[in-house]
Structures are given as structure tokens and as C-alpha cells.
Amino acid sequence: MKELISERENYRELYAQIWNEREVFFNSSFDCLLAPVGSSAAPQHGTAKWWNYTSLCNFSDYPAVVFLVTTVDFVKDQVEVDYKPRNALDNENYKLYISIESYSNVSIGLQVICRRFNDEKVMKFVEIIE
């Protein structure tokens with residue numbers, strides 16, 4: 001168990017180091033990140049595969065808030081029959097979108113992510129965005 005905790009803490013340090021390096025590279029501090037919640041609209045029950053969009057925050061102990069941006073629209077979001085997937089994973093994701101009826105009014109969200117111990121800040125950013 002101690003080895004797993006040590007690995008987790010090493011990962012958290014590495015993630016903070018990467019964030020710091022990006023701030024140096026861009027010569028700017030980042031209060032938060034705005035990121036997708038997943039690769040598409042909310043997946044159908046039992047089909048979620050790309051959970052790493054949100055699990056990273058849990059693992060690194062970075063506070064994050066997911067919020068609704070819109071929903072799948074019956075008119076605008078029809079299945080593209082002539083779509084050409086870019087790679088095997090893109091094709092796998094494309095095949096999950098069975099029909100517009102199965103996704104009608106399904107949530108599409110984003111998330112705001114802040115550094116550790118900035119829970120209040122992440123909530124304030126979502127309040128400002130909304």
C-alpha cells in the first residue's frame with residue numbers, strides 16, 4: 001500500500017511540475033484550465049471508455065467542476081454518414097453515436113480545473129462562466 005501512495009504522490013508532484021513548466025513557457029500564470037469532460041456528448045450507459053478526461057483530476061487531487069454547456073440538438077447533430085474517422089480510436093468513438101434519437105437532449109459539458117487546494121477558486125470560475 002505504501003508503494004501505491006508513494007507512486008500517487010510522485011505523480012501529483014510531476015503534474016504540478018508540468019503545470020509550472022507551462023507557466024514558465026508561456027510567461028504567464030494559469031488560474032484554471034477549461035477542458036472537455038469527454039470526447040463527445042455524455043455516453044450511453046455502459047459505453048463510457050474515455051474516463052481519463054475527468055479521472056486525472058481525481059487522481060491528482062485537483063478540484064474540478066463539470067457544468068452543462070448545451071445538449072445534443074435533433075436538427076444540428078445528425079449522424080454524419082460521410083464522416084471519415086482519423087484513426088481507429090476516432091472510429092470507435094464515432095460508432096457509439098448510433099442515432100440522433102438515442103442522444104436526443106443528452107448533456108454536453110465542460111470542466112474547470114484548478115490546482116490543489118483551490119476549491120473555492122474553481123467554484124468562482126464556474127460562477128463567472130455561467
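N27 is placed in the loop between α1 (2-26) and β1, where helices (H or I, at least four residues) and strands (E, at least two) are DSSP runs numbered from the N terminus. The model is a predicted one, in which local features need pLDDT of at least 70 and side-chain atom pairs count only at pLDDT 80 or more, while totals for chains, interfaces and linings use all residues. Residues are numbered from 1 along each chain as its sequence is written, and side-chain values use heavy atoms, with hydrogens and water left out.

Although N27 is not a glycine, its phi is positive, at about 50 degrees. N27 is exposed, with a relative accessible area of 70%; here buried means under 20% relative accessible area, exposed over 50%, and partly exposed in between (1.4 Å probe, protein chains only). A positive phi, near 65 degrees, is also found in D61, a residue other than glycine. D61 belongs to the loop between α2 (52-60) and β2, and at 33% relative accessibility D61 counts as partly exposed.

Strand β1 (residues 33-36) runs antiparallel to strand β3 (residues 107-113), the two being joined over four bridges, and two strands are taken to pair if DSSP finds at least two bridges between them. Within this pairing, A35 stands opposite Q111 of β3. Strand β2 (residues 64-71) also pairs with β3 in the antiparallel sense, over seven bridges, and V65 has V112 as its bridge partner in β3.

According to the UniProt record, an unreviewed entry, the annotation "domain: Amidase" covers residues 9-122; UniProt positions are given in the numbering used here, feature names are shortened, and annotations may be inferred rather than shown by experiment. The end C-alpha atoms of residues 9-122 lie 22 Å apart, and the span is 39% helix and 17% strand.

Pockets were then examined. Rolling a probe the size of a water molecule over the atoms shows where empty space is left. On a 1 Å grid over the protein atoms alone, a pocket is an open set of points where a 1.4 Å probe fits, with protein on both sides within 12 Å along at least five of seven lines, and lining residues have an atom within 4 Å of a point. Grid points are joined across faces, edges and corners, and a volume is the space filled by probe spheres set on the points.

The largest pocket holds about 510 Å³ of space and is lined by 21 residues, of which S39, S40, A41, N93 and Y97 lie nearest its centre. Both α3 (88-96) and β3 supply at least two residues each to the lining of the largest pocket, and the largest share, four residues, comes from α3. By class, this lining has eleven nonpolar, six polar and four charged residues, with Ala, Val, Leu, Ile, Met, Phe, Trp, Tyr, Cys and Pro counted as nonpolar, Asp, Glu, Lys and Arg as charged, and the others, Gly among them, as polar.

In the second largest pocket there is about 280 Å³ of space. Its lining is made up of 22 residues, and V37, G38, S40, A41 and P43 are those nearest the centre. At least two lining residues of the second largest pocket come from each of β2, α3 and β3, and the lining divides into 13 nonpolar, eight polar and one charged residue.

The cysteines were considered next. A disulfide is a covalent bond between the sulfur atoms of two cysteines. With a disulfide taken as a pair of cysteine sulfur atoms within 2.5 Å, the structure holds zero disulfides. The sulfur of C57 is too far for a bond because the closest cysteine sulfur, in C114, is 9.8 Å away, and C57 is buried at 5% relative accessible area. For C114, the closest cysteine sulfur is that of C32, at 5.1 Å, which is likewise too far for a bond; C114 is buried, with a relative accessible area of 0%.

E120 is placed in helix α5 and, at 63% relative accessibility, counts as exposed. E120 and S28, which are 92 residues apart in sequence, are 21 Å apart in space, C-alpha to C-alpha. E130 lies in the segment after α5 (119-129) and is exposed, with a relative accessible area of 68%.
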